[in-house]
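Student: Could you take me through one part of this model up close? I'd like to hear about the aromatic rings and what surrounds them.

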Amino acid sequence: MLDGDVDYTLNISPYKPDTQYNISYIFDTSASMDAGELQAAKDAYTDLTNYFIDNEIAENINFGVVQFSRNATPYFNLSANEAICIRAGDSR
């Protein structure tokens, strides 16, 4: 993944528009991840979130973002755009 060569397929089967889904992204922001690796992971999650938005699935998803280093910082019940903003707001 970290070489930028990621290809993924997402299947929510059977996808039901009236069903609420929960998706959480978990990020290790400790020193074990260098800045480039962390950015690659965040870019991949932004691409995936935008996929949900573009395919009109995002409105049926409660997003969560958990960033951890020494302590975990959880953010729950986010919209897709809020989840992307949490990612962008990471100071690392």
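Tutor: Before we start, contact here means heavy atoms within 4.5 Å, and angles run from 0 to 180 degrees between N-to-C directions. Keep in mind that this is a predicted model. With that in hand, look at helix 1: it lies across strand 1 and strand 2, running at about 165° to strand 1. Those strands belong to an open sheet of three, ordered 1-2-3 with mixed pairing. On average, neighbouring strands are turned by 15° against each other, direction ignored. Strand 2 (residues 61–68) and strand 3 run antiparallel, joined by five bridges; Gln67, for one, has Thr73 in strand 3 as its bridge partner.

Now the rings. The whole structure holds five aromatic pairs. One of them is Tyr25 with Tyr45, a tilted pair at 3.9 Å centre to centre with 40° between the planes. This pair ties together distant parts of the chain, since Tyr25 sits in strand 1 (residues 21–28) and Tyr45 in helix 1 (residues 35–54), 20 residues apart. Tyr25 counts as buried because its relative accessibility is 8%, and Tyr45, at 4%, counts as buried too. Then there's Tyr51 with Phe52, an edge-to-face pair at 6.1 Å centre to centre and 65° between the planes. Here Tyr51 is partly exposed, with a relative accessible area of 31%, whereas Phe52 is buried at 2%. Put together, Tyr25, Phe27, Tyr45, Tyr51, Phe52 and Phe63 make up one aromatic cluster.

Technical notes: Residues numbered from 1 in each chain as written. Predicted model: local features only at pLDDT ≥ 70, side-chain atom pairs only at ≥ 80, totals over all residues. Heavy atoms only, no water. Phe/Tyr/Trp six-rings, centres within 6.5 Å; stacked < 30°, edge-to-face > 60°. Helix = DSSP H or I, 4+ residues; strand = E, 2+ residues; numbered from the N terminus. Buried < 20%, exposed > 50% of the residue type's maximum accessible area, 1.4 Å probe, protein only. Pairing = 2+ DSSP bridges.
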